[in-house]
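Please look over this structure with the notes below. They go point by point, in short paragraphs.

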Amino acid sequence: MATVKEQVGEVLLGTTEEPQLSHLMRQTFLKHATKDDDDEYYLGENEFIDAVAPESEDYHKIKRYQYGILFAVADRDSKGRVSMQDWAVFQNLLAKPDAEYEVIFRFFDRDRTGYINFDKFFEIWKAHKGEDSLPFNWLSEWATLYIGSKDKRHVMTYPQFAQMLRGLQGERVRQAFIHFDKDKDGFIEPEQFQRIIRETASHKLSDYLLENLPTLCNISAGSKISYANVRAFQNVIQQMDMVELIIRNAASKSSDGKITRADFLNEASRISRFNLYTPMEADILFHFAGLDEPSGRLGLRDFARVLDPSWQTAYTIGTGAIADAGQKAFSGTKSFLHDVLESVHHFALGSIAGAFGAFMVYPIDLVKTRMQNQRGGAVGQVLYKNSLDCAKKVIKNEGMKGLYSGVLPQLVGVAPEKAIKLTVNDLVRGKFTDKATGNIWMPWEFIAGGTAGGCQVVFTNPLEIVKIRLQVQGEVAKTVEGAPKRSAMWIVRNLGLVGLYKGASACLLRDVPFSAIYFPSYSHLKKDFFGESPTKSLGVLQMLTAGAIAGMPAAYLTTPCDVIKTRLQVEARKGEATYTGLRHAAKTIYQQEGFKAFFKGGPARIMRSSPQFGFTLAGYEVLQRALPMPGHATDEGPHGHVEPGVGLAEAKAPLPYLRSRNALKVILDLDENFGRPRMPAGKTWTGIPGFGGKSQV
């Protein structure tokens with residue numbers, strides 16, 4: 001158990017440790033396991049798939065039932081069930097750096113001898129190979145280099161087997177081309193090329209690319225596809241990540257974000273020392289990316305259809321949504337009551353944390369208000385020289401309690417204010433966030449923050465006007481003899497409903513740009529500067545720093561609006577001008593006090609606004625750890641997508657999940673039918689609708 005010192009350090013500085021494997025392993029196993037007659041827990045194949053293949057993932061390319069291949073690896077004794085010990089061994093295997101290839105090696109090494117006998121390998125391969133699949137000759141010269149000739153077969157060690165798999169897809173394409181090239185002229189039909197690529201690489205390529213494969217014949221004269229075309233295409237898809245890096249670099253240097261074929265080749269020469277691209281390879285890349293853009297100048301969105309394997313056509317997305325309805329219907333969900341209670345729990349913690357943040361910076365807020373309400377420069381009107389002088393005089397004349405004048409309505413009102421602000425920002429951000437990549441366009445971030453700031457004014461304005469009048473009440477009592485002391489309820493009754501929204505336009509003018517600046521700044525500081533991710537939680541000090549830095553420009557740049565709002569909401573004294581509206585207040589302040597008056601209390605506003613949200617988040621973090629939701633277990637699995645939507649985006653899921661998926665990608669290089677149940681003669685397997693299979697139309 002961690003010491004008090006370690007726990008405090010964890011809260012303050014955050015954690016970057018990966019969760020303990022044994023804890024996650026046991027938790028995930030018990031969640032999906034069933035008991036046998038001897039009270040022993042085990043996973044059947046379906047339960048195993050539930051444990052390793054999260055329901056939330058996209059199974060458009062690699063079907064969910066194909067994760068059953070991994071069950072054969074985990075079931076070490078071929079008993080048809082995976083025990084706790086088997087599960088632990090499998091999870092430990094996935095933690096290895098080269099797990100992708102070792103998983104496949106163990107799939108074929110059924111006797112667990114540490115090497116692969118070709119005859120047994122061939123038997124397993126043939127059992128999974130589709131009846132209509134393209135033929136593959138294991139007696140070819142390429143194959144004999146790895147396994148020996150027919151009468152001189154030798155076993156393969158793990159490194160030899162892994163290296164053979166590395167080059168297998170290219171050999172399958174070569175043999176398939178020879179199979180279709182009946183007259184040996186070096187050309188095949190476009191439809192034959194499409195079938196070759198569909199059977200060898202459809203699990204790695206986008207639907208858009210697969211559907212348009214026959215158009216490759218158009219990059220040169222004639223209507224057929226040469227072997228040179230096929231090899232060039234193969235080279236491009238094998239270097240997708242490098243191709244994307246070159247495209248992104250070149251596009252970032254372009255004024256309009258678009259590049260030509262020449263731009264691509266020039267950039268490739270700059271950043272690639274060994275992977276030079278031939279003219280034909282560049283032609284193929286720009287051909288497929290530019291089918292809808294004949295100008296030859298292409299942007300990242302054009303290339304995404306080629307580079308991103310998760311890219312789907314509108315038709316595919318529509319039918320996929322219908323097919324996946326079955327899967328979603330079977331996925332377990334928490335009860336409605338639990339969701340409501342969890343929301344109440346979060347709201348309560350947020351309210352306490354918000355009140356804590358407001359209380360911590362309230363004296364600064366009071367000083368800021370008094371400074372902003374100070375008018376003109378005539379003798380007797382200037383009570384305070386600066387913020388520090390103001391604080392000293394408040395303590396001298398009103399005592400320490402004077403620094404907290406009007407704090408009660410602030411604490412009462414901060415809960416709905418913070419709740420609506422955070423909720424609206426999250427709602428709008430979620431609406432416009434790309435579900436595949438998790439990214440959001442910068443203008444939408446500003447709109448989300450601004451919308452949140454606008455909505456909070458419903459609660460903020462009444463709260464602010466009562467708070468401000470209570471804050472200046474103490475100074476009025478010292479300067480105006482016989483001035484009565486008012487309570488918050490008296491102020492509310494006296495103002496009425498309409499009066500409570502006096503200065504609302506100025507409040508909007510302040511809160512909308514404040515939130516539009518604050519929320520995007522805070523989000524990017526956490527993610528880009530402090531490196532927050534699903535595997536790295538930030539500590540209180542990091543969140544406090546991010547909140548403080550984000551609040552500085554947001555607070556200072558909106559100070560003029562805050563000054564106008566304060567003047568409109570404070571009750572004018574005898575001899576002082578009464579402002580009739582937003583424009584009148586701004587004009588009068590400028591004429592009587594000059595431009596500098598708009599930034600009165602600016603430093604105090606920075607000192608108050610910057611740390612307030614940091615204190616709020618820090619308190620919320622501590623409360624969540626100290627008072628967790630009853631019955632709320634730690635998340636067992638990854639959040640988000642197992643693999644990135646676009647090649648170079650970093651995947652956020654834990655490595656064991658990524659390696660499971662990568663292992664399936666490699667094993668499907670052997671044949672697209674691996675993992676599919678055997679069907680009666682004449683029947684074709686299309687998968688189970690709703691569980692990653694194709695819909696029946």
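**Notes on the model**

1. K96, E102 and R106 are linked in a network of salt bridges. A salt bridge here is a side-chain nitrogen of Lys or Arg within 4 Å of a carboxyl oxygen of Asp or Glu. A search of the whole structure finds 25 salt bridges.

2. This is a predicted model, in which local features need pLDDT of at least 70, side-chain atom pairs count only at pLDDT 80 or more, and totals for chains, interfaces and linings use all residues. Residues are numbered from 1 along each chain as its sequence is written, and side-chain values use heavy atoms, with hydrogens and water left out.

3. Confidence first. pLDDT is the predictor's confidence in each residue, from 0 to 100. The chain averages 79, and 77% of the residues score at least 70. Over residues 313-334 pLDDT stays under 50. The model has 28 contacts beyond four places in sequence for residues 313-334, a contact being heavy atoms within 4.5 Å. Residues 687-697 also have a pLDDT below 50, with 27 contacts beyond near neighbours in sequence. Where pLDDT is low, the predicted coordinates should not be read in detail.

4. Now the overall make-up. The chain has 29 helices and seven strands. These are DSSP runs, numbered from the N terminus: helices are H or I of at least four residues, strands are E of at least two. Of the 697 residues, 47% are buried. Buried means under 20% relative accessible area, exposed over 50%, and partly exposed in between, using a 1.4 Å probe and protein chains only. Among contacts with a separation of 6 or more, 72% join residues 24 or more positions apart.

5. What does UniProt list for "domain: EF-hand"? The unreviewed entry gives residues 96-131 and 168-203. UniProt positions follow the numbering used here, feature names are shortened, and annotations may be inferred rather than shown by experiment. In the model, residues 96-131 are 58% helix and 0% strand, with end C-alpha atoms 35 Å apart. Residues 168-203 are 69% helix and 6% strand, and their end C-alpha atoms lie 15 Å apart.

6. R110 deserves a look. R110 is in the loop between helix 6 (99-108) and helix 7 (118-128). Is R110 buried or partly exposed? R110 is partly exposed, at 38% relative accessible area. Leaving aside neighbours within four places in sequence, R110 contacts A72 and I124. The C-alpha atoms of R110 and V73 are separated by 8.4 Å, though these residues are 37 apart along the chain. R110 also lies over the face of F107, at 4.7 Å from the ring centre. For a charge to count as over a ring, NZ of Lys or CZ of Arg must be within 6 Å of the ring centre and within 35 degrees of the ring normal.

7. A salt bridge joins R112 and D77, at 2.9 Å from N to O. R112 lies in the loop between helix 6 and helix 7, and D77 in the loop between helix 4 and strand 4, so the pair ties together parts that are 35 residues apart in sequence. D77 is partly exposed, with a relative accessible area of 42%.

8. R81 has two partners to check. One is D36, in a salt bridge whose closest N and O atoms are 2.7 Å apart. This pair links distant parts of the chain, 45 residues apart. R81 is in the loop between helix 4 (68-74) and strand 4 (82-83), while D36 is in the loop between strand 2 (34-35) and strand 3 (41-43). R81 is partly exposed at 26% relative accessibility, whereas D36 is buried at 19%. The other is Y42: the charged end of R81 sits over the ring of Y42, 4.1 Å from its centre.

9. How far apart are D389 and K393 in helix 20? They are four residues apart in helix 20 (residues 387-398), which means a separation of about one helical turn. D389 is buried, with a relative accessible area of 15%. K393 is partly exposed, at 30%.

10. Last, the aromatic rings. The whole structure has 39 aromatic pairs. Rings of Phe, Tyr and Trp (its six-membered ring) pair if their centres lie within 6.5 Å; planes under 30 degrees apart count as stacked, over 60 as edge-to-face and the rest as tilted. F29 and W87 have ring centres 6.4 Å apart and planes at 45 degrees, so the pair is tilted. F29 is in helix 2 (residues 21-32) and W87 in helix 5 (residues 84-94), 58 residues apart. Both F29 and W87 are buried.
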